[in-house]
Amino acid sequence: MKLTKKILPTLLCTILILSLCLPVIAFAQTPFTLRVGYWPGYGISENENGGISGYTYDYMREIARINGWQVEFVACGWNEGLQRLSEGSIDTFGPLQKTPERAQQYDYPELRAGYECGTLYIKDDNNTAFYNDLASLNGKTLGTVDDNYYTQAVLDFCRENGITISVKIINDAVELNKAFSDGTIDFRVSGSMLAPENAKVVLHLTTEDFYYPTTKGNKKVLKGMNDALQTIQTEKPYYDAVLYNKYYAQAAIGKRAFTAQEAAYIRNAPPLRVGCDSVAMPMEYYDEQSDTIQGITVDLMQCIAQYSGLRFEFIKTNSMEHARQLLDAGEVDMLSNLVGVKQFTELYGLLPSDALMSNTLAFIVKQGTSFDKAADSLALPEKAVGIRQHIAEQYPKVPVQLYRDTDS
């Protein structure tokens with residue numbers, strides 16, 4: 001009996017300790033892992049070291065973070081990804097546009113996760129097809145994947161315009177790229193988040209919302225998607241645009257094919273003569289040693305030449321007045337490095353291009369002093385016509401003194 005009295009308190013303490021510990025053991029859970037299927041190159045890109053990045057990668061990580069989930073990314077073929085999503089061996093796949101047929105197969109979140117533009121591409125070295133002119137593709141082959149939302153848009157466009165094409169289905173991303181590269185297919189269509197390499201755009205189709213749907217009946221993922229998307233759009237209303245601009249802004253614009261008229265002009269045009277300032281370093285200046293015009297303008301226009309096929313010849317001018325005289329006489333075709341295009345067009349009746357680059361206008365003073373716009377005068381070179389006009393409009397009370405050149 002005495003032994004029992006000694007054992008009983010110990011036993012009760014042991015039971016109490018276990019009862020306190022058991023709930024912790026019973027309710028400790030491993031975080032849910034969101035299995036994200038992706039078609040390589042579409043929303044997620046893979047690098048040579050096995051790393052991945054892209055719009056889908058960032059978006060799914062943000063959704064997982066908001067829900068307290070972990071995330072696993074699973075590379076799939078296109079058909080494979082759709083099949084696995086239907087079966088539930090992955091939790092989401094995309095991006096996917098929403099159609100009545102797809103809505104019967106998958107559960108879609110209430111809110112979109114972004115948008116993209118359907119785009120038709122040809123090979124970069126194709127000089128027989130032109131922008132917005134699919135007649136040149138009559139009888140050619142379109143390469144695409146099964147259940148591509150934009151394939152029907154191409155077929156509708158061709159039917160409406162009396163164009164006949166054939167369609168080749170290639171669901172493997174590597175094989176589709178290979179077929180495009182080796183000419184097995186003549187052109188391909190995709191959303192703008194999948195821009196093939198060495199390609200140019202011949203047609204922009206409709207812009208459509210896209211989603212990341214889940215398996216039919218997967219309430220946990222659907223609720224988590226809805227809650228996270230609502231949080232993102234409430235707290236980060238420009239999140240979609242920021243990600244799209246980060247990864248796909250240039251791809252969305254694409255390297256556009258020229259129209260037939262543009263291509264004919266480029267083919268037959270002589271070198272375009274550009275009147276350049278001889279002392280506007282670093283933008284443009286005359287280099288005595290090489291007897292050529294050098295500078296940022298020349299570098300930029302050489303990039304334009306490489307992209308377009310246009311040719312440029314750079315002509316030395318001594319002043320704005322000299323440059324305008326050459327233009328009026330037909331000895332140059334265009335003028336460069338014009339600051340304040342609006343002022344030039346109004347003053348000289350010039351036809352402006354889009355801006356080649358933008359910069360900030362700053363007042364420069366001696367170290368240790370400040371500039372009083374009402375009392376101090378501003379020194380400008382005589383030929384800085386655009387800047388002079390800008391100063392006159394924006395700072396009409398600032399007195400201006402003109403000098404022959406920058407050195408003066």
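**Close-up views: salt bridges and a nonpolar patch**

Arg273 is partly exposed, with a relative accessible area of 25%. Here, buried means under 20% relative accessible area, exposed means over 50%, and partly exposed lies in between (1.4 Å probe, protein chains only). This is a predicted model, in which local features need pLDDT of at least 70, side-chain atom pairs count only at pLDDT 80 or more, and totals for chains, interfaces and linings use all residues. Residues are numbered from 1 along each chain as its sequence is written, and side-chain values use heavy atoms, with hydrogens and water left out.

**View A. Arg273 pairs with Asp333.** The two side chains form a salt bridge (a side-chain nitrogen of Lys or Arg within 4 Å of a carboxyl oxygen of Asp or Glu). The closest N and O atoms of Arg273 and Asp333 are 3.1 Å apart. Arg273 sits in strand S13 (residues 272-277), and Asp333 in the loop between helix H11 (320-328) and strand S18 (334-335). The pair links distant parts of the chain, 60 residues apart. Helices (H or I, at least four residues) and strands (E, at least two) are DSSP runs, numbered from the N terminus. Asp333 is partly exposed, at 38% relative accessibility.

**View B. Asp147 pairs with Arg102.** The closest N and O atoms of this salt bridge are 3.2 Å apart. Asp147 lies in the loop between strand S8 (141-144) and helix H5 (151-160), and Arg102 in helix H4 (residues 100-105), so the pair ties together parts that are 45 residues apart in sequence. Arg102 is buried, with a relative accessible area of 2%. Asp147 is partly exposed, at 40%.

View C. Asp328 is exposed, with a relative accessible area of 59%. Arg324 counts as partly exposed, at 21%.

**View D. Glu62, Arg65 and Lys236 are linked in a network of salt bridges.** The structure holds 13 salt bridges.

**View E. Ile296, Ile304, Leu356 and Met357 make a nonpolar surface patch.** The patch covers about 300 Å². Patch residues have over 30% relative accessible area and no salt bridge; like charges are joined within 9 Å, nonpolar side chains (Val, Leu, Ile, Met, Phe, Trp, Tyr) within 5 Å. Accessible areas come from the Shrake-Rupley method with a 1.4 Å probe; for residues, only the protein chains shown count as cover. Met357 is found in the loop between helix H12 (341-348) and strand S19 (378-381). Met357 is partly exposed, at 39% relative accessible area.
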